[in-house]
Amino acid sequence: MTGRLKRNNLGHWMIKCNDAGVRMVEARANGSVEEWLQHADREKELKLVHWQAMPHKPCFWSTFYVQLTEFVEGGLAVGLSCTHLLVDPICATLFIKAWADTTLIGKIIFPPVFHPLPRWRLGSTNFKPYNDLINHYRYHTYEPTAVSELKHVTLTFAFTDSMVRTRMAAARTTCTSDDSIPSPFETLAELFCVSLSKAKGERQGLIDMSICLDVRKVLNLDKGYFGNCMVCNMVNGEGLHKNKLSDAAMAIVEVVGKMDTEGVSDLIEWLQTNKDHQALSVMNGCDLICVNLDCMELYSIVFEDGFDPFRVSCYIEQVIGLGQVFILPSSDGEGPLSRMVMVTLDQDEAIGVFKDSLILSFSPTVLIGPTELPRPF
């Protein structure tokens, strides 16, 4: 993290280990953090994070930036930005937690583990070269990346424990086995898949959606594994009916089920033995991406006793494809199944989601978004 990026003789990225350091920026904001959050939107939240784009020659460029914003009337915002070349959102959270643990108790509870991803089939060609995961990555190798130039709006919804349980209970009535009962992530993913399909004007079926999961647990990796360990797979919306939530839920459950140890191990082996993947930049391509961040221990990050995190947000720039849906845990005091959902879309589609009767039927708390949305005529 304190090193710098460079390319080796083969043109591959490598880390030059030195003590160049993480860059830190200090800022001040008027009012209190509570007052600021009452009027926060995507643009204002992104001002709490400092970032400089990677230059053509990044030998002096910092891969990690920390911005500390002190609110004049009370409160502190910690903003971390980093390149996805090195870490995923789980690792970014582990870094801040390690910093907080060192500050609070003088030691790191979950020290980082640095080693390559395991190759369960090392030296063997007995992997399935055409499973669903590999097909997804193979397809996006050749598909052009769609970077949206539209102005984006981020809506943040808070769903209580009882809201999520109610939706999960409804899903159980259509399940054929315990294995097919949707998790909180799968329940909210299908909810927003249907809502966003309506907002985007889909007449036949639902939009395609890339599901992105952390696979550390699937691969039996240590909790502190440091690096990129997020895997994507696509839910094909064709043939799914927007008025049948159960169809979307079961399709998502099925796709998540295929992201098991065998499937992910085959994908790792394919990526290691094929050079085409070197051209990949993002893995959702033109799709909507829905990211499961349930395992981020956001609210256990405490720098000082008595000062717990008040709000956590996560952004991945640039916005690629049809938009982003991030599903994160809520604070511990709101129940184990409570979740926060951050949805990033263009302005017109965001209005559609905000007014969608399906979303409104669950009465979620809207934390960020509507006060800044343009009102339709």
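Which residue's side chain meets that of Asp-88 in a salt bridge? I looked, and found Arg-216, at 3.1 Å from N to O. I counted a salt bridge when a side-chain nitrogen of Lys or Arg is within 4 Å of a carboxyl oxygen of Asp or Glu.

**Ground rules.** I am working on a predicted model, where local features need pLDDT of at least 70, side-chain atom pairs count only at pLDDT 80 or more, and totals for chains, interfaces and linings use all residues. Residues are numbered from 1 along each chain as its sequence is written, and side-chain values use heavy atoms, with hydrogens and water left out.

**Entry 1: Asp-88 and Arg-216.** I placed both partners. Asp-88 is in the loop between strand 5 (76-82) and helix 3 (89-105), and Arg-216 is in the loop between strand 7 (209-214) and strand 8, so the pair ties together parts 128 residues apart in sequence. Helices (H or I, at least four residues) and strands (E, at least two) are DSSP runs, numbered from the N terminus. I checked burial next: Asp-88 and Arg-216 are both buried. Buried means under 20% relative accessible area, exposed over 50%, and partly exposed in between (1.4 Å probe, protein chains only). I also found a network of salt bridges that links Asp-88, Asp-214 and Arg-216.

**Entry 2: other salt bridges.** The structure holds 13 salt bridges. I picked out Glu-43 and Lys-151, whose side chains meet at 2.4 Å, N to O. Glu-43 belongs to helix 2 (residues 42-46), and Lys-151 to the loop between helix 4 (132-142) and strand 6, so this pair joins parts 108 residues apart in sequence. Glu-43 is partly exposed at 45% relative accessibility. Lys-151 is partly exposed too, at 46%.

Entry 3: I then looked at Lys-97 and Asp-101, which form a salt bridge of 3.5 Å, N to O. They are four residues apart in helix 3, so about one helical turn separates them. I counted one cavity of 30 Å³ or more. A cavity is a set of points on a 1 Å grid over the protein atoms alone where a 1.4 Å probe fits but cannot get out; lining residues have an atom within 4 Å of a point. Grid points are joined across faces, edges and corners, and the volume is the space filled by probe spheres set on the points.

**Entry 4: cysteines.** How many disulfides does the structure hold? I found zero. A disulfide needs a pair of cysteine sulfur atoms within 2.5 Å. For Cys-91, the nearest cysteine sulfur is that of Cys-229, 8.3 Å away. Cys-91 is buried at 0% relative accessible area. Cys-17 is exposed at 75%.

**Entry 5: Asn-233.** I found Asn-233 in strand 8 (residues 230-235). Asn-233 is buried, at 4%. Leaving aside neighbours within four places in sequence, its contacts (heavy atoms within 4.5 Å) include Asp-132, His-136, Met-209 and Lys-258.

**Entry 6: helix 9.** In helix 9 (residues 347-354), I noted the buried residues Glu-349, Ala-350, Ile-351, Val-353 and Phe-354. Their cover includes strand 6 (152-159), helix 6 (184-199) and strand 11 (339-346). Asp-346 caps the N-terminal end of helix 9, with a side-chain oxygen 3.1 Å from the backbone nitrogen of Asp-348.

Notes
A polar contact is a pair of N or O atoms within 3.5 Å; within protein, one must be able to donate a hydrogen and the other to accept it, and residues adjacent in sequence count only if both atoms are side-chain atoms. On a 1 Å grid over the protein atoms alone, a cavity is a set of points where a 1.4 Å probe fits but cannot get out, and a pocket is an open set with protein on both sides within 12 Å along at least five of seven lines; lining residues have an atom within 4 Å of a point.
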